[in-house]
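My entries follow in the order in which I looked.

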Amino acid sequence: MPDLRYEAPGSLADAVRMLAAAGGPTRILAGGTDVIVQMETDLIEPELLIDIKKIPGLHTITAENGGFRIGAAVSAMKMMDHAALCATHPGIIEGVKLIGSIQVKGRATVAGNLCNASPGADSVPPMITAGAIARVTGPNGSRDVPVEQIPVAPGKTSLAKDEIIESFFLPALPRNSGGAYQRFTPRTEMDIAVVGVAVNLTLDGAGVCTAARVALGAVGPTVVVSDECAQALIGTKVDEAALEKLAAAASAACRPIDDKRGTKEFRIKVAAVLARRVAQQALERARHIA
Amino acid sequence: MTTILEKPGYNPDKQYKIVGTSPVKHDGFDKVTGRAKFAADAFLPGMLVGKFLRSPHPHAILKRIDISKAEKLPGVKAVVTRDDFPEIKAGTGGGDMTRLVMAREKVYWEGHPVAAVAATSESIAKKALKLIEVEYEVLPHVIDPLEAMRDDAPILHDYMRTKGAKGPAAEKKTNVVERLELSKGDIEKGFAQADLIVEGSYDTKPMHQGYIEPQSCIASVSDDGQVDLWCCTQAPWVYRDRLTEILKWDSSKIRIQQSELGGGFGGKTTFYAEPVSIVLSKKAKAPVKMTLTRIEVLRGTGPVSGTASKLRMGCKKDGTIVAVDAELVFQTGPYSGSAFTNAPQAMLTRYEIENVKTVSFEVVSNRPKVSSFRAPCVPQVVFGVEGLIDEMARKVGMDPLDFRLKNAIVEGHKTIYGETFTKIGFVETLKAAKACDHYKSPVPKGQGRGIACGFWFNRGGETTGSMALAPDGTVNIILGTADVAGSRMSMSMMAAEEFGIPVDRVRSQLADTNSLGYNRVTAGSRTTYSSGMIVVDSARKIIAELCRRAAKMWNVPEEGVVFEDGHCRPASSNVGDFPPLSMKDIAAKTTYTMGAICGHSEMNVTGAGPGFAVHIVDSEVDKETGLVSIKRYTIVEDAGKAISPLQVEGQFQGAAVQGIGWALNEEYIYGADGKLQNPAFLDYRMPVASDVPMIDTVIVEVANPKHPYGLRGVGEVPLTPAMAAIANSVGACIGIRPSSLPMSPPRLLKLIEEAKAKGLG
């Protein structure tokens, strides 16, 4: 167990160089709300911690092409305090609000929530359904990757050893779009999703759903993006029949395990219940968000 | 010298100035600002960090431990194993204790300590742990107590034979520590009189006490064998005597100073790291601090017993309960010590029932040894009892409180365990529950209401304390009983009431074990009662002495002086025309009278009056997910007399919150490998603030005649009916009364589906 080294580079290029040069396990430190806890409980023993909070530009939320760009070091609380973001992306804010306690939210970042690669991460399903794109920086420059392609298995991401998420882009939503996220936990807060469901949908002038995305958290090794669920809504007025179809598709899309947080059987049932509730909430929002 | 125990003198007409008010606790400021020193805040120069190596197996023979590589690591100052502890025969009290602290022949649960290291830093200590080589011969394990009772179960202790077993069962190897029968009357005759018989099987899971402060201690052992130990404990004197036993050390050379306690609830009545830190310190010749992590707390320290019970009860059409038959199983971890005998004694004590049969079993298995927890083993069994009582009330068509009133015991009741009660307040408590706003309000639509009742003995026991008057007339109280819930403030209040001075002129401190005589563990809801006796007795001794000194100063006979409102006054104008002497006036002159004025008292306190509680719960169930929300919760309980009503309410509310956790989500989850899967608060789901409503309280005051202020213990009674009341309310929501805890969403959802299939709910 070599000693731990802590670095706080002043640029992304330096951070990438340090990652590339490291011999042993490394971790990026943003809020640290997962990394520090995992170190304390001996789950990980990194040799190098790279704190990205000193890198200029990673702390801002800026308007871009009618959408938003969110820096990788932006805290959950900062997102919750951003009025325009809250107005257009209530689903993402619902997910962000559920991360840990108030104190944890003051530190935790959405980038960290994504890179921790837990299938139960609350901000990930609504980011996916909102079409969020991660900007990943490495030695050869940047590439844009849809967030659903970042986690590949519990605790594992598609990032190379010397790559860092720099920011997220949330594209502008079409008119009459709405998103929502809900999770099921036995406790009201300070808990991990047993099932989480995010829905984004867009209506036309007649109230018919023209586009939909549905993502299910904690029911598979990574967040499940279900086209069957989306198809259950598209072309309908999100009526009872569509919701019934959605609920069945949500249950069918689950690939859960039995674990300390819930049983397989329970997760499959509750995914259907939540899908229906979340779709109704997204519908309500699509009708009211211009 | 006589004490107040012999002439308690409860005076119902006395008007109080301080008792019955709720001043800000003297220790409150430090706790709110972070200045209070908890065990882990202690620091000694040159102190080392101690860490445990724990077994990864739930059951294995400990074949070989090689510490040579760890000892050679720079920075490592001592490594200890079983070889550093005196051998004590297995199967004895001391033998179990020493094996609990450090495994000897076998490891009995995942997390059982097998070695410990003291090093100059935590990271070196952790590295050293990895260098210790342990050879295990893994054995089959058993977690569930009912499985542990089966003939083909792995046997933990070859020497174990069931105490109290008869016939061939008494001879065979077993995991059943004891079989205990406690009965009265004739249940066959009783059931024959019954118009209605109800029955059920119930199970509850072990629950951790969940104190915020993990155990921490520093031991410093001098070359001549003087031990100084700082730790968080509910039982300094008990720790000292047990250390004497397992370390073969003189008690007089062990000085234990208790720190502020960050919660105990019964869990800090047993030591874990303390003996190990002493042995490490002796070997390293330096102070050693050991602080458990939360994972170690959940993996290594005691929860309370899980239980399985089979109950049958019968009543007449008019609601009279005529017979109860109970078979109760208590899981205790690898060693006896569940205090299960509380359960058959307390489970029905509040009802007048002629025919009762109870058979209880205590069973070992491969999980952490259980420890005390508020009314140990009682709430688990009340969970079933009060469910059946509700069912009987419903089936005979009576209001649930009226049904309980019909069977309620009163003064003069002779309990199943032989005690005859003096004045008790169960009927008053039931009537107060009936009259309270919650019970009178209609059940809101979509919700279910449940009620349940509970009882706890309340305890007394050996207690010692001192009191000293300072030259400025202020008073210092020295207590040996740990302050788990604000008892120091209650002591200051009782002393201030006796003296008739402002409570701010009195302070209470906690002594170390060399500074006072023996104090029994702070447990059993005994402290405010027992140390309260000591405080009142000591204060009255000081008052008598103040009168003697005043008589001396005035040169009048002692009987010519009276004491009131903090002053000595002439008993009448015949004595002389002396201006009153304040406590300060007399205290400032003690050099010229007879020296310092102190009070002291020691007693084996008896007469702690029993307590009774009624809980009323409204809950709502999401029938699609099985999620329970507790909407309204009221506790009605007899406190005898609330010294500080705010603190009594805190006891009630805390118990309700722990009951909600136990009822809804808290459980230990084991894999097939016998390893605990949720040793963290993230997945060991204690309730958070937003999970619980404001808990309303109604304090009933039926004075305990044995105490000068009439108080009864309030720490444990309020947990006893909690899970039963919650389950009764959930049952009212869904149509089937849950019989298994926790009522977690997956379990409850199945029950909801079962109820729907049966057309209930």
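**Helix pair in chain B**

The model is predicted, and I began with α15(B) and α16(B), which are roughly parallel to each other because their axes cross at roughly 30 degrees and angles under 35 degrees count as roughly parallel. I noted that helix α15 of chain B covers residues 487–499 and helix α16 of chain B covers residues 527–554. Their axes come within 9 Å. I recorded the crossing of α15(B) and α16(B) as right-handed.

Next I listed the residues that make the contact. On α15(B) they are B:S487, B:S490, B:M491, B:M494, B:A495, B:E498 and B:F499. On α16(B) they are B:T527, B:T528, B:S531, B:G532, B:V535, B:V536, B:A539, B:R540 and B:I543. Sorted by class, this contact has eight nonpolar, six polar and two charged residues.

**Where the chains touch**

I then turned to the contact between the chains. On the chain B side 19 residues take part, and they are in contact with 18 residues of chain A. Which helix gives the largest share of the chain B side? I found helix α20 of chain B, residues 745–757, which supplies three residues. I also sorted the chain B side by class: eight residues are nonpolar, six are polar and five are charged.

**Chain A as a whole**

For chain A I counted eleven helices and 14 strands. Its radius of gyration is 19 Å, and the globule rule also gives 19 Å for 290 residues, so chain A is as compact as a globular protein of that length. I took the spans of the C-alpha trace along the principal axes as about 60 × 45 × 35 Å. Buried residues make up 50% of chain A. I looked at contacts in chain A between residues at least 6 apart in sequence, and 65% of them join residues at least 24 apart.

**Chain B as a whole**

I repeated the look-up for chain B, which has 20 helices and 28 strands. A compact globule of 761 residues would have a radius of gyration near 27 Å, and the 28 Å of chain B agrees with that. Along the principal axes, the C-alpha atoms of chain B fill a box of roughly 85 × 75 × 50 Å. How many of the residues of chain B count as buried? I noted 56% of the 761. Of the chain B contacts between residues at least 6 apart in sequence, 80% join residues at least 24 apart.

Technical notes:
Residues are numbered from 1 along each chain as its sequence is written. Chains are lettered from A and ligands numbered from 1 in the order in which they are written. This is a predicted model: local features need pLDDT of at least 70, side-chain atom pairs count only at pLDDT 80 or more; totals for chains, interfaces and linings use all residues. Axes are lines fitted to C-alpha atoms, for helices over the stretch in contact, and angles run from 0 to 180 degrees between N-to-C directions. Helices (H or I, at least four residues) and strands (E, at least two) are DSSP runs, numbered from the N terminus. Angles under 35 degrees count as roughly parallel, over 145 as roughly antiparallel, 65 to 115 as roughly perpendicular and the rest as oblique. A crossing is left-handed if the near helix is turned anticlockwise from the far one by less than a right angle, and right-handed if clockwise. Two residues are in contact if their C-beta atoms, placed from the backbone, lie within 7 Å. Ala, Val, Leu, Ile, Met, Phe, Trp, Tyr, Cys and Pro count as nonpolar, Asp, Glu, Lys and Arg as charged, and the others, Gly among them, as polar. The radius of gyration is taken over C-alpha atoms; the globule rule is 2.2 Å times the number of residues to the power 0.38. A residue is buried if 20 or more other C-beta atoms lie within 10 Å of its own, exposed if 12 or fewer, and partly exposed in between; C-beta atoms are placed from the backbone.
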